[in-house]
Amino acid sequence: MNISHKLIRYVIAYVFIISGLMKLVNEDLGNVFINLGLPFPLFLMYAVAFIEIVCGILILANKMVHQAVIPLIGIMIAAILLTKVPSLNTGFMQFAFNARLDIVMLVLLWVLYKWK
């Protein structure tokens with residue numbers, strides 16, 4: 001395993017572990033989930049937080065990486081569709097700006113998924 005593979009794993013693990021923990025400790029994120037109009041928003045938020053933390057730890061520990069990346073890809077796609085696509089109403093550049101980090105994480109997850 002080379003250094004770039006490790007670095008990608010560490011970066012992805014960091015982002016998702018911290019994102020999951022923030023969903024558990026930041027009350028404002030509950031409002032974000034409520035405002036999305038999804039059913040059972042707080043349950044979904046806690047489920048997403050749990051998945052992010054567990055998958056982030058698995059990736060950090062280099063255990064079941066291939067399997068751990070799959071739900072995170074789903075979370076990133078959902079995040080883009082639910083929170084970034086609506087900004088297309090204000091123009092493509094605004095969408096591209098708002099979605100830039102989500103798209104980067106999605107690409108890094110895909111790279112890690114495809115890495116042999």
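Contact here means heavy atoms within 4.5 Å. Take Ile59. Setting aside neighbours within four places in sequence, Ile59 is in contact with Arg9, Ile12, Ala13, Val65, Ala68, Val69, Leu72 and Leu112.

Some ground rules. This is a predicted model, where local features need pLDDT of at least 70, side-chain atom pairs count only at pLDDT 80 or more, and totals for chains, interfaces and linings use all residues. Residues are numbered from 1 along each chain as its sequence is written, and side-chain values use heavy atoms, leaving out hydrogens and water.

Next, the core. A nonpolar core is a set of buried Ala, Val, Leu, Ile, Met, Phe, Trp, Tyr and Cys residues joined through side-chain atoms within 4.5 Å. Buried means under 20% relative accessible area, exposed over 50%, partly exposed in between (1.4 Å probe, protein chains only). The largest core has 20 residues, and Ile59 is one of those touching the most other members. Helix 1 (3-25), helix 3 (41-60), helix 4 (65-84) and helix 5 (92-114) each give two or more residues. Helix 4 gives the largest share, seven. Helices are DSSP runs (H or I, at least four residues), numbered from the N terminus.

Now helix 5. Where does helix 5 bend? At Ala99, by about 55 degrees. That bend is the angle between axes fitted to the seven residues ending there and the seven starting there. Ala99 is also among the buried residues of helix 5, along with Phe95, Asp102, Met105, Leu109 and Leu112. Their cover includes helix 1, helix 3 and helix 4.

Phe92 and Phe95 sit three residues apart in helix 5, about one turn. Phe92 is exposed at 57%. Phe95 is buried at 12%.
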